[in-house]
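Please examine the structure shown here.

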Amino acid sequence: MKFKLILLFFISSLSLYSQVGSININVFDDFSKKPLTATVKILGGNEEQFSGTGNILISDISSGTYTFEIVSEGYSPSYLNEINVVPNQNLTFSVGLTKFATDIQEVTITRKAYKTTAESPVSLRNITSEEVQKNAGSNRDVSKAILSFPGVGSTATFRNDLFIRGGSSAENKFYIDGIEVPVINHFQTQGASGGPRGIITVDFIKDVDFYSGAFPAKRNDVLSSLFEFNLKQARKDKLGYKAVLGLDDMQLMVDGPLSKDQSWSGLFSVRKSNLQLLFKGIGLPFLPSYYDTTFKISKKYKSGDELYFIGLGAIDKFEFNDNAKKTLSNLTLIDRLPNSPQWNYTVGAGYRHLVENGNWLFTWSRNMLDNQAIKYYRNIETPQNLLYDYQSREAENKVRIDRNFKVNDYQFSAGTNVNFAKYSNNSTIKQVNQNTIDFDQISSELNLVQYGLYLQTAKKFLEDKMQLSVGARIDGSNYSDLTSNPFEQFSPRFSLNYKFAENWAANFNTGIYYQLPAYTSLGFQLNNNLVNKNSLKYIQNTHFVGGLEFNGKDNLRFTLEGYYKKYKNYPFSLRNQISLANIGGDFGVVGNEPLDSRGFGETFGLEFLAQKRTLNNFYGIVAYTFGFSKFSDSAGNLLPSSWDSRHILTMTTGKYFKRNWNLGARFRLQSGLPETPYDLQRSALVNIWNVANGPVQDFTQLNSLRGNVAHQLDIRAEKKWIFKKWQFTTYVDVVNVYGSKSASNLPVVNLQRDASDNGIIANPNAPQNQQYYVLETGSADKNTPLPYFGFIFEF
């Protein structure tokens, strides 16, 4: 007892030392990237002000979480929201300000804590690193934090399969500091974008721009969502260290100057998974493990130019838990899941050159994905039991050139991109499809070039009350005659923002967007023949979005948006007679089969958002989406898609308390997703079950059922101890606190087994092609609460 009192006194006394840090804020014209003279105000408290040109240093600021307002004459104010100042650290942030279009004698400046742009006055949300880290149930993962916003649905509590406004997870794109990153999740579903855990180090992120529509013309191949990750700048004073010891992983981070003149700086991280230990402890049947790394190295020149290098990569491994509880659900998962090791990386470089009228940005990147999967019948590894041995690689080299410039009061952005891709696939696959059992021996090697051009302009009118943006891009590929003409992929777009009252704005956007089908589809090759070459086109998606926006006092924002999306030329499975728009929310590969482009569909809905960024130690988000998602079946009828969740409600809240406590909670409710029933009579056939390793769906009844209403409560508690030269944080994050019912309403189906654990054949004397197993059906297990806790050390 005495020891505990002495330890408590020691910790308390340490916290009495001067707990101060400092922050550099680089302020520049957002369009030209040239430095500005500005004033920075610390919001809340006594609202101290600091001024400077280009770089503003705020020294000896007490540790804590702050919001900074940045103002420069002739420019709209901007904000750095929820910046965590750490003792004995110097933080650096860059802020771009947008210039007023005209010189106005008196301008009423209203605080706007939420980001919009001329190109994207609707469907753009911004979330900071601090908001991600404190978001309950996210466990420091951006993809899970995004679930707090409207229009965003998910398929499972432990995966990052995001479907945005009724589109599949294959329609999402990701960029880090202007460089495309195709893989951002561990164990990513090839041909889509989901996976169980994010790769990107959240501590290195400044903020994320999340677009659910109104995509800027500089980004290609986007149909449903765009994520722009903006990395923070390294500290300038000295190397800093941060370590995370969590129940699910361990991570070490370093950032700081790399040269005496501080012109070179770097961010580095490495992470090792403990997830396999957590999953084994709570009795899950699969044990994923991983390693990942992230880095950024940058050089700032006196001219204002910048050179930077980024990289991230991951190695994923997979094992089965033979000691998992022998429930019907667990046995079924073990029977069906493959052993699927995977690795990937993205490396890239960017150079931003400032000129008299704007700037240039040159980027190059290379990314690679190696995806393998092997599966034996009932995991008995003998040659005759081999169901599939999948080995595939994707590699891309990408070059982009972007140019910003002005002509009078018009702002222009223009550029081009070229992508050199190589896809290979050498696999042996047995699979059950709608009417047949197919045995594919795939040997593919595809070399592909994609190319595009864009131009976009914006201008303000009516004393800055109205802002218009018009843009277009063209894209093409040398894959086939159906994709080579870029003018057939002409992609116009138009946006309008009109501030009709002091705090109110009306917004509108429309555009036509295109996406090339996945490499798994383009490169599907049998007998030296690219099966889909003469049938696949670019997928087309036409958007209409309109809405109202209110920005009130105390960082309060309301938005109401309606959207309509019309799809055309969607890849359609010839074997299963379904659109690939219904696939992509699970482990595996999407698109590795014969296809054509007959698919079409539409999604539409209404979204409401009420958001309050942290002020007076309280923050919260309420988001509601009412929507429909429909895609065509084999007869050309529009049916509910696999992402047709009519209602999605999310309530996220949290509060900072005294003594550096932060408590948060999130509740999500999502109405049941459509499901396709099993054909149990066909599934029971011995020759079918021995290949499918489970029940097969009856796609003639595509999405004719509905799953259960999915709901869960997530909670997070965090406590910081701040000392003179370092900071210690502990957190607990519990996902799905009460263990809600499974979202699927389909039965769990497996074999009835004899004493030797073999399936029981009901008619062993019948001809082999007529024999069938005795099946056992039951209900899915409840979702398991996933507890995460950890310790964070910052020096």
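In strand β6, I83 lies opposite Y66. The model is predicted, with local features requiring pLDDT of at least 70 and side-chain atom pairs counting only at pLDDT 80 or more, while totals for chains, interfaces and linings use all residues. Residues are numbered from 1 along each chain as its sequence is written, and side-chain values use heavy atoms, leaving out hydrogens and water.

**Sheet**

- Strand β5 (residues 64-71) runs antiparallel to β6, and six bridges join the two; strands are DSSP runs of E with at least two residues, numbered from the N terminus, and two strands pair if DSSP finds at least two bridges between them.
- These strands belong to an open sheet of four strands in the order β3-β2-β5-β6, with antiparallel pairing.
- Because β3 (49-53) and β6 (78-85) each have a single partner strand, they stand at the edges, and one side of each is left without a neighbour in the sheet.

**Nonpolar cores**

- The largest nonpolar core holds 41 residues, of which V142, I146, F149, V152, I176, F227 and F229 touch the most other members. Such a core is a set of buried Ala, Val, Leu, Ile, Met, Phe, Trp, Tyr and Cys residues joined through side-chain atoms within 4.5 Å, where buried means under 20% relative accessible area (1.4 Å probe, protein chains only).
- Elements giving two or more residues to this core include α3 (142-145), β10 (162-164) and β16 (225-231).
- Strand β21 supplies the largest share of this core, four residues.
- A second, separate core has 35 residues, among them Y211, V222, Y423 and I429.

Methods:
Buried means under 20% relative accessible area, exposed over 50%, partly exposed in between (1.4 Å probe, protein chains only).
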